[in-house]
Amino acid sequence: MGTLTQSLFGGSLLKLILNLLLPGALALVALPAWAQQAPPADLVLKNATVMTASHGTITHGSVWVHNGKIAGVGEQVSAPASAVVVDASGKWLTPGIIDPHSHSALDSDVNEATSPVTPSMMMIDAFDNRDKSLYQALAGGVTTELLLHGSANMIGGQAVVIKNKFGLPREAMIFPNAPRSIKFASGENPKRVYGSRNQLPSTRMGNFEVMRQSFENAKAYMASWDAYNAKVAKGDKAATAPKVDLKLEALADVLRGKLYVQIHCYRADEFLTEEAIAHEYGYKIRAFHHALEMYKVAGQIAPENTAIATFSDWWGYKDEAWDAIPWNAVMSMRQGVKVALKSDSNDHIRRLNSEAGKMVHYGGATEDEAIRMVTLNPAWIIGVDDKVGSIDVGKDADLVIWNADPLSTYARAEKVYIDGDLFFDNTMPGFGTPHFNGAMHDGGGFGSDDSNEEGN
Amino acid sequence: MKTFVRVASSLILSAAVGSAVCLAQAAKSGTVAITGGKLLTVSHGTIENGVLVIADGKIAAVGEAGKVAVPSGATIVDAHGLTVYPGLIDPDTTLGLTEVGSDENSNDLAEPSDEIMPHMHVADAFHAETELIPIARLNGITNAVVAPGTTDSVAGQDIFIQLAGKNRDAMILGRDVALAMNYGAEQRRRGGRGSGRGEFPSTRMGLITQLRQSLLDAQHYEAGKEAAAKKADKPDTKDGDKGGEKPTERDLKLEALLPYLHGQRPVVVGVTEGYDVESIMRVAQEFHLKVILNHVTHSQEVLDEIAAWKVPVIVGSIYDFPRANERFDAVFTLPAELAKRGVKIAISSADAGGPGGAHGVRNLPYAAGFAVAYGLPYDEALKAVTLNVAEMFGFGDKLGSLDVGKTANVVLANGDPLDVRTDVKQVYIEGVAQPMVSRQTSLRDEYAK
């Protein structure tokens, strides 16, 4: 939010831009008509194996939640006697699972595949908060998702960050004040989608040139506004404002550093090209998504402070996934790259915890490192690691109680709390959703970047 | 060999399994004694401190330490701290029919020109040198059924493979072991539903009619062949009936259906919806087909019927989505619900590894473990990826458990085989210690330098 007030524009124009471009702005007007039964002011989850994700595991630990925030964590917590106590003896407790790459709940509207550069497409406009995939993810312990565009376009559009408060109105599911992210893509998908129509781009050469040209256009657009603002500052009343161009405005925000850049990218050479273009135009890349060949160049990428959101073990479904190895995550991590696992799938989002468990097997991640790959590290990629992703005092009380070690094959999420409120309870009959009792929508599909011909 | 010694050496460092020399000897399939491990026999329980002797590629002895004689001269493999279990068997894969998912030239999955294609033999397309096989083998999968893709009502005939061998012929343990059938919305691909093609069959009614007619045609063809054969043995009669005439021309398509019409081999019927299960079972019963049901993803309402039919079921994928407005675990609990009703189940790796299918065969054990998380007893889960699969496809006397006389397909791992965190340390196939390498470990090692 802060950076936006430094916009080139002032007054009503700023408001217009805010409303058009900032999904978080919607949360500001959300009125919680939904809050039928308020969660307890004080809640203690007692005597669990607490995997904090930030400071190790407490074998007999408790977590005190006060007004939706974590107020205490440790072997003992000093909660008031009025606190509601949940005995979690013999259970595991983790932060909510965070998926930094989901296409859930977007029906089929993940690609505006009518042009390779569509940065002003807003994912929020396609978000269906009643989609069954949200519920199924919630039952897998997922509390936060970054809903991204597909990968048909080199620049797809702007993401939405949700808290998986299934059953609440759409606006109440938007993560408050989360940074804005924009999805870029590269490689096979854009060149296939446009190449098949005999349009630019049909090669990786074309892909990257389309990007460079877009940023040149954005620079010219910014210069025209600079010139106009300079005239206004000098008191030139005859100065006429350039038109507001949503597409160029979004690209300008990339160059202004106001958008987290999330790039769908598989091959080692393309990571290097993407970083070079980012340096050339002066923006930072927050994360490479998929990033299956990062193990080849992790030493070069680590100093860029670009993270990766990768699969545990997907491979071979396309040429650019041919050199994928399941040791990628741990090898990249050991070379200093921040690593998250992500689903890119309505299926795998339901079991990201055991996908993280595979990292113990493939490369010998510690349990601490593994759990971080699906909690704190994806929170960093989304830019909400100051609010969620670990069990630390002051953070949102997004918590999951598991019946077994969450990194094992055998773990089931038993209770899922978001902001201290219970949103899933495995022991409840029916759906197990205290806040949902209606009809779900079926957006259909696997919800993956590569599961439809458009290349999501 | 150089690679292999290096891998064997790393094994000593990481898991203390024997020595490089021992494993190199084992590679020649001599006599091997695996001692001190926890044996999951599948057929007769768990032996905490066991000995397993392999000779001539077969299991020669299995039992508690001290009660099993270790033959002199045997290579000793110290398996203390390791779990020893029979190689896993995947009942539904496309191994060897696909390489790169998106590359059509590397895919031989199904022949879509007609719905009835029983004369397609997977053995003709199986690419033994596929990179997918060593990758699956590293996680302890030693055998698999390879079936065609699901496009056709009758897709072709499966093979049963071993995931090691010097060439295709050595790896195919059984050709045409089962007929792959499918029924439901996916096969209804011609016309209808706004496609504008308007060809038969475009509905489920059309699919069933087409299938029933094909089975009748095959019966008629066989009757004609038998009649012609009888005549061929007889002299001409005076009323003009000529004996000695040649039998009718062979019809490979109809002929391919005959062993299945005789119930000699199983048909594997892929079907997801409960009402589709009922429709296809009516046809199967009418023709006395020996059915193995596959998928049954959305058949929760007919599980009692399935149990009453006494047909085995392959559950795959356990990760298929429930319908909207079903509880999240409606599919996760299928193996447990079937087993509870006494149904013999197998679990497949289908969809266990992202898009593509066969690339996820290595995740087979985790699909079984997931069934345990949702109520399937552990022993049943292990059986569902070993002995039950072997029995369903006619290899129950050779594979699927640690029993004397069976093929020595044996896996050593550092923990519970169904847990994602477990690392497989050594795989034996026909008693031969497999090099624990794949294209992926080569890439790993190249870039780890």
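User: How many residues of chain B are in contact with chain A, and what makes a pair count as a contact?

Analyst: In this predicted model, 32 residues of chain B are in contact with 41 residues of chain A. Two residues are in contact if their C-beta atoms, placed from the backbone, lie within 7 Å. Local features need pLDDT of at least 70 and side-chain atom pairs pLDDT 80 or more, while totals for chains, interfaces and linings use all residues. Residues are numbered from 1 along each chain as its sequence is written, and chains are lettered from A and ligands numbered from 1 in the order in which they are written.

User: Why is A:N67 called partly exposed?

Analyst: A residue is buried if 20 or more other C-beta atoms lie within 10 Å of its own, exposed if 12 or fewer, and partly exposed in between, with C-beta atoms placed from the backbone. A:N67 has 13 other C-beta atoms within 10 Å, so A:N67 is partly exposed.

User: Why does B:D176 count as partly exposed?

Analyst: B:D176 has 18 C-beta neighbours inside 10 Å and therefore counts as partly exposed. Its place is in the loop between β10 (172-174) and β11 of chain B, and its phi is near 50 degrees, a positive value in a residue other than glycine.

User: What is the omega of the cis peptide bond from B:G316 to B:S317?

Analyst: Omega is near 5 degrees for that bond. Most peptide bonds are trans.

Conventions: Helix = DSSP H or I, 4+ residues; strand = E, 2+ residues; numbered from the N terminus.
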